[in-house]
Amino acid sequence: MKTWERTAVGARLRAASALDGAMERFGADTHRYRLRPPLPEPEIRAFETIHGIDLPPQYRSFVAEVGDGPAGPAHGLLPLITPRPEADGDWAVDDAWARDRLPGRLASPFPLTEPAPGRLGAAADTLARGTLALADEGCGMYVRLVLNGSHAGEIWLLDPDWGGFTPLERDFHSWYTKWLTALSQPSQG
């Protein structure tokens, strides 16, 4: 398993913030290149026990060693245990975050064995079982972490209106470090 260096991640985030002082890069105005403190091991273990899951090691180590969001791809990483401090029910992502924490939802088997491209409509809710929302892409699209089955640990994009539910990256480390690397490139807004 690839490991995390909190200091290195923090340095990249500070550099990105300095390059994007106006917070023009997509999602920067939400996450502001800041990390919440890492979660204590007992809290992570309790979350896994309550939900009957084992978090994929790369994501688990990130929240334990680096931080519990929000700095991350799209509008930032969603926190694992407590809602976003600014959560007020006006953002659909807050509803998705709460729905993921309903009893049995995360432990449900991930129903897909292959990508499901195209319009999903109401089926998207059922297909998202066994996954954890990591980030909000906007317009009803979510980046999700598969928690079980043959795709456990993979990052998938759920776009129920157009793109379906399809793989995005092979693992959390690859997904997050790809975003960190892109921060050193000129912003596209």
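**Close-up views of a predicted model**

A search of the whole structure finds ten salt bridges, a salt bridge being a side-chain nitrogen of Lys or Arg within 4 Å of a carboxyl oxygen of Asp or Glu. The model is predicted, so that local features need pLDDT of at least 70 and side-chain atom pairs count only at pLDDT 80 or more, whereas totals for chains, interfaces and linings use all residues. Residues are numbered from 1 along each chain as its sequence is written, and side-chain values use heavy atoms, with hydrogens and water left out.

**View 1. Packing of helix H3 against helix H4.** Helices (H or I, at least four residues) and strands (E, at least two) are DSSP runs, numbered from the N terminus. Two packed helices are described by the angle between their axes and the distance between the axes. Helix H3 spans residues 41-51 and helix H4 residues 57-65; the angle between them is about 140 degrees and their axes lie 9 Å apart. Axes are lines fitted to C-alpha atoms, for helices over the stretch in contact, and angles run from 0 to 180 degrees between N-to-C directions. The residues that meet are Glu-41, Ile-44, Arg-45 and Glu-48 from H3 and Arg-60, Val-63 and Ala-64 from H4, where contact means heavy atoms within 4.5 Å.

**View 2. The salt bridge between Glu-48 and Arg-60.** The closest N and O atoms of the salt bridge between Glu-48 and Arg-60 are 2.9 Å apart. This pair links distant parts of the chain, with Glu-48 in helix H3 and Arg-60 in helix H4, twelve residues apart. Both Glu-48 and Arg-60 are buried; buried means under 20% relative accessible area, exposed over 50%, and partly exposed in between (1.4 Å probe, protein chains only).

View 3. Arg-101 lies in the loop between helix H5 (92-100) and helix H6 (123-127). Arg-101 is buried yet has no salt bridge, and the nearest side chain of opposite charge, that of Asp-100, is 4.2 Å away. For charge, Lys and Arg count as positive and Asp and Glu as negative, while His and the chain ends are not counted. The side chain of Arg-101 reaches the backbone oxygen of Trp-97 at 2.9 Å, and a polar atom of this side chain lies 2.8 Å from the backbone oxygen of Leu-80. Apart from neighbours within four places in sequence, Arg-101 is in contact with Phe-47, His-51, Pro-79, Leu-80 and Leu-132.

**View 4. Asp-125 and its partners.** Asp-125 is found in helix H6 and is partly exposed, with a relative accessible area of 31%. A polar contact of 3.2 Å joins its side chain to that of Arg-99. A polar contact is a pair of N or O atoms within 3.5 Å; within protein, one must be able to donate a hydrogen and the other to accept it, and residues adjacent in sequence count only if both atoms are side-chain atoms. Leaving aside neighbours within four places in sequence, Asp-125 is in contact with Arg-99 and Arg-105.

View 5. Glu-169 and Lys-178 meet through their side chains in a salt bridge (2.7 Å, N to O). Glu-169 is buried, with a relative accessible area of 15%, whereas Lys-178 counts as exposed at 52% relative accessibility. In the salt bridge between Arg-170 and Asp-171, the closest N and O atoms are 3.5 Å apart. Arg-170 counts as exposed at 53% relative accessibility, and Asp-171 as buried at 13%.
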